[in-house]
Amino acid sequence: MSHPSTSKFAPQATDRPPLRTNTLPFGQFIEPETDDEIINVHAVIQHMDVLLRVPTISKAAVMPDACPSGSTPGTIPVGGVVAAKDAIHPGFHSADICCSMAVTFFKRNDAVADMLDASVASTHFGPGKRSGSEVGKNKELAQLIGKFEKNFFLKGLEAHAEQHFMTQGDGNHFLYIGETESDHRRALVTHHGSRGLGAQVYKRGLAAAQKHTAIHAPKVPMHNSWIDANSDVGAQYWEALQLVREWTKLNHFAIHRKIALRLGNAITGQFWNEHNFVFLRDGLFYHGKGATPSFNGFSPDDTGLTLIPLNMAQPILIASHADRADALGFAPHGAGRNLSRTAHLRRLMEEFKADARGLSPNNIAEIVARETKGLDIRFFTGKPDISELPSAYKNAEQVASQIEKHKLAHISERIMPLGSIMAGDMNWNRAGR
């Protein structure tokens, strides 16, 4: 494996830009209402104040779902958008490159239980990989993987691309069954990123960025380091991002197609959009960290529509582009969090007066029942992850209202919830007995 440290990709001599002494102004489209939200927004602004001293950054914005994504000062928050000049910052799109949403509409309205049964049999949640290779079954996948050899950010990652195909990971990733509000069409929606493939590309990209930044801007914190977009390394990294994007899209719709075949149901429409990615526009690299593009032509396959989920018990919004300038042409990617997973679990434990052993199975069943009433909710591990239930997220109606108030996107349809699948608890002892 050749890494960017080889002489072929040695950084070129350039000026070493200092950190700005003053921060930049940025668009703020988040209106806190509760104490938790006020604390959350204060933390987001503190992070942005430090982040916007990085010399490559030209402009930025935060969306209504913004929340801190780390404790290190200057870490880009979830719901943050940053436009950089001649620079790609791996830390600004995160390890889950091209985390994205995809929807398929069906001709026939099958029973929700049947659709979820077919989905459980067709996808995979949680850590790990598929035991068998999908390459021989999917010519598009084989052709895509064949391009890895010529890109040093992808070379040697062929096994990740094969074994993580048809999987969705864990955390907040999901498979959602719903129906359109206007005409009651069944819809399947998936949310996931690029799995181990993207994580490895991110790791290599961050190493290249840190090497470059340590030479050219040593005062910049390494988590805010960048790759020179005009260099050979930059060209290779940009190409790697596009191939990871292609893999992720292929993965979404391969899962959807397999479910459709199990059901024997015809597909009548599909589209998708990413929200952890980098977009080139007007000569700048727009980094969306948990932010959804809302401008025409953000990608080669832009349909003019995007998907914005809220939580498993709330609608998924279908929105058309608004391209608000001071929002940098972006909208939120979901409802976001006010509390970390640990803090949310701690609050639930306090509510149920749980002891050091944690919440009991009965406590957990009660929490799930009250938050998902009337829905068919399944967890791939068989153990609910209560840190992903609706109460873990910001108020869905409030976020949707702020999207419309600030004209970040035009909500044209809602996919109403019927059921969903998530990974479930990966560590039962942290929450229950």
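Arg341 counts as partly exposed, at 33% relative accessibility; in this scheme buried means under 20% relative accessible area, exposed over 50%, and partly exposed in between (1.4 Å probe, protein chains only). The model is predicted, so local features need pLDDT of at least 70 and side-chain atom pairs count only at pLDDT 80 or more, while totals for chains, interfaces and linings use all residues. Residues are numbered from 1 along each chain as its sequence is written, and side-chain values use heavy atoms, with hydrogens and water left out.

The side chain of Arg341 meets that of Glu388 in a salt bridge, with 2.5 Å from N to O. A salt bridge is defined here as a side-chain nitrogen of Lys or Arg within 4 Å of a carboxyl oxygen of Asp or Glu. Arg341 lies in helix 8 (residues 341-351) and Glu388 in the loop between strand 16 (376-379) and helix 10 (396-405), so the pair ties together parts that are 47 residues apart in sequence. Helices (H or I, at least four residues) and strands (E, at least two) are DSSP runs, numbered from the N terminus. Glu388 counts as buried, because its relative accessibility is 3%.

Helix 8 also holds Glu351. The side chain of Glu351 forms a salt bridge with that of Arg370, at 2.7 Å from N to O. Arg370 belongs to helix 9 (residues 361-371), and the pair links distant parts of the chain, 19 residues apart. Arg370 is partly exposed, with a relative accessible area of 41%, and Glu351 is partly exposed at 42%.

In total, the structure holds 18 salt bridges. One of them joins Glu179 and Arg186, whose closest N and O atoms are 3.0 Å apart. Arg186 has a relative accessible area of 11% and is therefore buried. Salt bridges also link Arg245, Lys249, Glu274 and Asp301 in a network.

Asn273 is part of strand 9 (residues 267-274). Its relative accessibility is 0%, so Asn273 counts as buried. The side chain of Asn273 reaches the backbone nitrogen of Leu307 at 2.8 Å. A polar contact is a pair of N or O atoms within 3.5 Å; within protein, one must be able to donate a hydrogen and the other to accept it, and residues adjacent in sequence count only if both atoms are side-chain atoms. When residues up to four places away in sequence are not counted, Asn273 touches Ser100, Met101, Thr292, Phe298, Thr306 and Leu307, where contact means heavy atoms within 4.5 Å.
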